[in-house]
Amino acid sequence: MCAKSNKQDKQLLKLSAVAAFSFAILGVIVGLLSGSIVILFDGVYSLISLLLTMLSLAASGYMHGSSRSHFAFGKAMMEPLVVAIKGLVILMLLGYSLFSAFHVFINGGQAIDTSFAAIFGFINLVGCWGVWRWLQHKNQSKKQQSGLLAAEEKQWQMDTVLSAAVCGGLIIAVILEMTPLFHYAVYADSLMMLCIGLYFLKVPFVMLTNALRELLMMKPDQEICSLVRESVYEANGISPQNLKLTGIAKVGPELMVNINVDPKKSHQLLADVQHIRELLNRKLARLSLNVKLNLDIATDVK
């Protein structure tokens, strides 16, 4: 990633941090004043998002600093590591919030100031949606999209849908208080937290599992594997008997492709290396990956 792109990433992450801090403070204050578990969760989530954004900022700067002294092969591993930490922290927060909400629900619910909470819920929804869409637009308009910004988008997407659910639930609670069923309104807050928490468990779980796959250098998704095989074998007209695709791994913004070359054909094939590299870069350009092609001359090609 070029220095200009790295600088832009840092600026976007800093602005995201400021927005997260603002929503965090408001959410915690309103949650405590209204007695709402779900709004307090929303505020704490924003506060944790701020800490995770700061972690992304630190990782972004560290990844693009000098790496040759201690990291001879670069620092691409930092990106999935940060995403894994984010997923784990969000998963832990959801688990604790679900436990708290379940405890309140089975113990008769909890009365809250629904009108005050609903007004804040609407303001929070509009603000979170704006930040999410803005980050999404900025990342998609980049020539090479950033995994750190993509993870940041996921956080704000979660916050937006969470805010929408909270706002809708609080409006329903306000209406419920005006009906003969008003005594059920005390369950609204904890029930919302349970529904939201269970619905969102998938998001941090996917973040965590995908990041762990990259950290363990497991095979990437089928689309990437197919494009690599097509580029190496079919498109270049090279016989699989002369070379063997031995490994494909995606780590952060980098795609590592390992090829074993038949020593009897090495002179001929090595002359095509640059063409293979260019072909890979062209076919994978829309996936915003830096391709690293590694050739090994070995006798085990079959």
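**Notebook: burial, contacts and confidence**

I started with E214, which lies in helix α7 (residues 202-215). Helices are DSSP runs of H or I with at least four residues, strands are E runs of at least two, and both are numbered from the N terminus. The model is predicted, so local features need pLDDT of at least 70 and side-chain atom pairs count only at pLDDT 80 or more, while totals for chains, interfaces and linings use all residues. Residues are numbered from 1 along each chain as its sequence is written, and side-chain values use heavy atoms, with hydrogens and water left out.

**E214, continued**

Is E214 buried or exposed? I noted E214 as buried, because its relative accessibility is 18% and buried means under 20% relative accessible area (exposed is over 50%, partly exposed is in between; 1.4 Å probe, protein chains only). Next I looked for its contacts, meaning heavy atoms within 4.5 Å. I left aside neighbours within four places in sequence and found M77, P80, K250, V251 and G252 touching E214. I also checked E79, which is 135 residues from E214 along the chain. The C-alpha atoms of E214 and E79 are 9.4 Å apart.

**The whole protein**

I then stepped back. The protein has 302 residues, and 47% of them count as buried. I listed 10 helices and 3 strands. Along the sequence, I read the pattern as α-α-α-α-α-α-α-α-β-β-α-α-β. I took the contacts between residues at least 6 apart in sequence, and 76% of them join residues at least 24 apart.

**Confidence**

How confident is the predictor? I looked up pLDDT, its confidence in each residue from 0 to 100. The protein averages 76, and 74% of the residues score at least 70. Where is confidence lowest, and where is it highest? I found the lowest mean, 59, in helix α9 (residues 266-270). The highest, 86, is in helix α4 (residues 114-140). I reminded myself that where pLDDT is low, predicted coordinates should not be read in detail.

**Along helix α4**

T114 came next, in helix α4. T114 is buried, because its relative accessibility is 3%. Which side chain makes a polar contact with the side chain of T114? I found E177, at 2.9 Å. A polar contact is a pair of N or O atoms within 3.5 Å; within protein, one must be able to donate a hydrogen and the other to accept it, and residues adjacent in sequence count only if both atoms are side-chain atoms. Beyond its neighbours within four places in sequence, T114 touches L170, A173, V174 and E177.

I moved on to I123, found in helix α4. I123 counts as exposed, because its relative accessibility is 52%. I123 and F23 are 100 residues apart in sequence, yet 9.9 Å apart in space, C-alpha to C-alpha.

G130 is also in helix α4. G130 is partly exposed, because its relative accessible area is 30%. T160 is 30 residues from G130 in sequence, and their C-alpha atoms are 8.8 Å apart.

**D189**

I placed D189 in helix α6 (residues 188-200). D189 is buried yet has no salt bridge, which needs a side-chain nitrogen of Lys or Arg within 4 Å of a carboxyl oxygen of Asp or Glu. How far away is the nearest side chain of opposite charge? I read 25 Å, to K154. For charge, Lys and Arg count as positive and Asp and Glu as negative, while His and the chain ends are not counted.

What does D189 touch instead? I found a polar contact of 2.6 Å between the side chains of D189 and S36. A polar atom of the D189 side chain also lies 3.4 Å from the backbone nitrogen of V38. Leaving aside neighbours within four places in sequence, D189 is in contact with G35, S36, I37, V38 and I112.

**Cysteines**

Last, I looked for disulfides, pairs of cysteine sulfur atoms within 2.5 Å. The structure holds 0 of them. I noted C167 as buried, because its relative accessibility is 6%. C195 is partly exposed, because its relative accessible area is 48%.

Methods. pLDDT = per-residue confidence, 0-100.
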